[in-house]
Amino acid sequence: MTTEDPFVFRVIDLKQYVYCPRILYYHTVLPQVRPLTYKMAAGIAAHTQTERLEKRRSLRTYGLQQGERRFNVSLYGPDLHLSGELDMLIETATELIPVDFKQSKREGDHFRMQLLAYGRLLDILANPQQKTIQRGFLYLIPQRQAVEVRFTPTLQRKLNQAMSQLHIIIKNQQMPMPTKKYGRCVDCEFRRFCNDVF
Ligand code: SF4
């Protein structure tokens, strides 16, 4: 979260909430405990490498003939209670398309919602020509594959619900339930605080 306003969340907070609600809680109440793990450091290095390669690639990976790319686009939308830095924006004559690089072999709801959140921020902050924002791409680094994500009404609804829950967690400072996907706990850096999941 930003220091200016406790109710402006980083898009990454939203992603982590969807992955496991407790991660957001720990980040908020125990912000000093999070170490830079090997996994995080490897992810940062892979991002940098992907950005370098992306600058030389054509847009065919995304099924596009033409478009302009911008990298590391900072977005701050207090009205949406969100801020973040988008890995890459593709702008065509008619569309704005957010792209997020992922050090993952699979997509997931947490990634899809993160992408949609960037789409919303782009719409209010960087869309004076009112171009269409109806999809984005997750670029899965290990697979070298771009996966299209459509911004469907269902995904929009899920994002609205998640944003409401984020506010409730921060306002009440109450520990949420753990993820039901216990496989996610195995290499979680907050595992030592979650004595109830094993
Ligand atoms: S250990 Fe499991 S429940 Fe606890 S924060 Fe990590 S993913 Fe969530």
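Predicted model: local features only at pLDDT ≥ 70, side-chain atom pairs only at ≥ 80, totals over all residues.
1. Ligand shell. The residues surrounding the ligand are Cys20, Arg22, Ile23, Pro178, Thr179, Arg184, Cys185, Cys188, Phe190, Arg191, Cys194 and Val197.

2. Helix H1. This helix covers residues 11-19, and eight of its nine residues are buried, so the rest of the structure largely encloses it. The buried residues of H1 are Val11, Asp13, Leu14, Lys15, Gln16, Tyr17, Val18 and Tyr19.

3. Length of helix H4. H4 runs over residues 109-125, which makes 17 residues. At 1.5 Å a residue it should span 24 Å, and this agrees with its end C-alpha atoms, which are 24 Å apart.

4. Burial of H4. Twelve of the 17 residues in H4 are buried, so this helix too is largely enclosed by the rest of the structure. Among the buried residues are Phe111, Met113, Leu115 and Leu116, and the charged residues Arg112 and Arg120 are also buried.

5. H4 against H5. Helix H5 comprises residues 153-172, and its axis comes within 10 Å of the axis of H4, crossing at roughly 90 degrees. The two helices are therefore roughly perpendicular to each other. On the H4 side, the contact is made by Arg112, Met113, Leu116 and Ala117. On the H5 side, Leu155, Gln156, Lys158, Leu159 and Ala162 take part. Six residues of this contact are nonpolar, two are charged and one is polar.

6. Burial and contact together. Arg112, Met113, Leu116 and Ala117 of H4 are buried, and these residues belong to the contact with H5.

Note on methods. Residues numbered from 1 in each chain as written. Near = placed C-beta within 6 Å. Buried ≥ 20, exposed ≤ 12 C-beta atoms within 10 Å, placed from the backbone. Helix = DSSP H or I, 4+ residues; strand = E, 2+ residues; numbered from the N terminus. Expected span 1.5 Å × (residues − 1). Axes fitted to C-alpha atoms, helices over the stretch in contact; angles between N-to-C directions. Parallel < 35°, antiparallel > 145°, perpendicular 65-115°, else oblique. Contact = placed C-beta atoms within 7 Å.
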